[in-house]
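Q: Some labels attached to a structure rest on cut-offs. Please take the labels one at a time and set the values against the cut-offs.

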Amino acid sequence: NRLESQAGEVMNVVRDLHTFERLLARVGETVDVNVAAPDRVFTSNTWKCAFCSFDLCFSPDLLRSCAEACRAVEDDSFSFVMLEPDPIGYYYKEFGLTGAVTIRSNDDCEESWSYFEEEPGGSAADALMYAVQKFVVVSSGTRWAVWGSRNDDTIIVGAEIGRASCRERV
């Protein structure tokens, strides 16, 4: 379940369904994974939100921003979870992967992004950077989250109101 980069750093790639279901349940405490914009995607109505273009932000910069937000609120990691295409019915069934990964705040974001570029089963179109249609990122302390939809060309970042340093970095 760990992917070692060339630099020797390790991130957790979620490969088993039990771990994925636990992670999805934790994500569900922060983000309503069954809604789409313009509905409210975050479960807390007290969070401040910011918006950006999916195509402009779905890159290693997203991972760098998430790592900075973790450090700002003293969380040690964040988890990326693909919601569409169907992570179990399609992605797991075809490739044995769930489209979920947990990245430590001190991991090399360029190295971590290489996981998003990997071609499962030799299919370039199914690399996460191309296949992901909807995703969520949530910090280990659930103090902030990111929801993204390629179809809506939208990424929404939400953070607790009292976490000014987090809002400034995400």
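A: Start with the term lining: a lining residue has an atom within 4 Å of a point of the pocket or cavity. Helices and strands are DSSP runs, numbered from the N terminus. The model is predicted. In the largest pocket, α1 supplies the largest share of the lining, 4 residues.

Q: Which elements give two or more residues to the lining of the largest pocket, and what volume does the pocket have?
A: The volume is about 200 Å³. Of the 10 lining residues, V14, T19, R22, L23 and T102 are the closest to the centre of the pocket. The elements that give two or more residues are β2 (10–14) and α1 (17–28).

Q: What makes up the lining of the largest pocket by class?
A: The lining has 5 polar, 3 nonpolar and 2 charged residues.

Q: How do you know that W147 is buried?
A: The cut-off for buried is under 20% relative accessible area. W147 has 0% relative accessibility, so W147 counts as buried. W147 belongs to strand β7. The C-alpha atoms of W147 and V41 are separated by 7.3 Å, although these residues are 106 apart along the chain.

Q: Why is S112 called buried?
A: The relative accessible area of S112 is 3%, and therefore S112 is buried. S112 sits in helix α5.

Q: Why does G121 count as exposed?
A: Exposed requires over 50% relative accessible area. G121 has 79% relative accessibility, so G121 counts as exposed. G121 lies in the loop between α5 and α6. G121 and E94 are 8.2 Å apart in space, C-alpha to C-alpha, and 27 residues apart in sequence.

Q: Why is D153 called partly exposed?
A: Partly exposed is the range between the cut-offs for buried, under 20%, and exposed, over 50%. D153 has a relative accessible area of 34%, so D153 is partly exposed. D153 is placed in the loop between β7 and β8.

Q: What makes the peptide bond between E84 and P85 a cis bond?
A: Omega is about 0° for the cis peptide bond that joins E84 and P85. Most peptide bonds are trans. P85 is in the loop between β4 and α4 (87–95).

Q: Why is the ring pair of F54 and F58 called stacked?
A: Ring centres must lie within 6.5 Å, and planes under 30 degrees apart count as stacked. The centres of F54 and F58 are 4.9 Å apart and the planes are at 25°, so this pair is stacked. F54 and F58 are buried.

Q: Why is the pair of F58 and F135 called tilted?
A: Planes over 60 degrees apart would count as edge-to-face, and those under 30 as stacked. The planes of F58 and F135 are at 40°, with centres 5.3 Å apart, so the pair is tilted. This pair links distant parts of the chain, 77 residues apart: F58 is in the loop between α2 (54–57) and α3, and F135 is in strand β6. F58 and F135 are both buried.

Q: Which residues do ring pairs link into a cluster?
A: The cluster holds F54, F58, F80, W113, Y115, F116 and F135. The count of aromatic pairs comes to 15.

Q: What makes a set of residues a nonpolar core, and which members of the largest one touch the most others?
A: The members must be buried, of listed types such as Val, Phe and Trp, and joined through side-chain atoms within 4.5 Å. The largest core has 31 residues, and F58, F78, F80, F116, F135, W144 and V146 touch the most other members. α3 gives the most to this core, 7 residues. A second, separate core has 18 residues, including F20, V27, L83 and V138.

Note on methods:
Residues are numbered from 1 along each chain as its sequence is written. This is a predicted model: local features need pLDDT of at least 70, side-chain atom pairs count only at pLDDT 80 or more; totals for chains, interfaces and linings use all residues. Side-chain values use heavy atoms; hydrogens and water are left out. Buried means under 20% relative accessible area, exposed over 50%, partly exposed in between (1.4 Å probe, protein chains only). Rings of Phe, Tyr and Trp (its six-membered ring) pair if their centres lie within 6.5 Å; planes under 30 degrees apart count as stacked, over 60 as edge-to-face and the rest as tilted. On a 1 Å grid over the protein atoms alone, a cavity is a set of points where a 1.4 Å probe fits but cannot get out, and a pocket is an open set with protein on both sides within 12 Å along at least five of seven lines; lining residues have an atom within 4 Å of a point. Grid points are joined across faces, edges and corners, and a volume is the space filled by probe spheres set on the points. Ala, Val, Leu, Ile, Met, Phe, Trp, Tyr, Cys and Pro count as nonpolar, Asp, Glu, Lys and Arg as charged, and the others, Gly among them, as polar.
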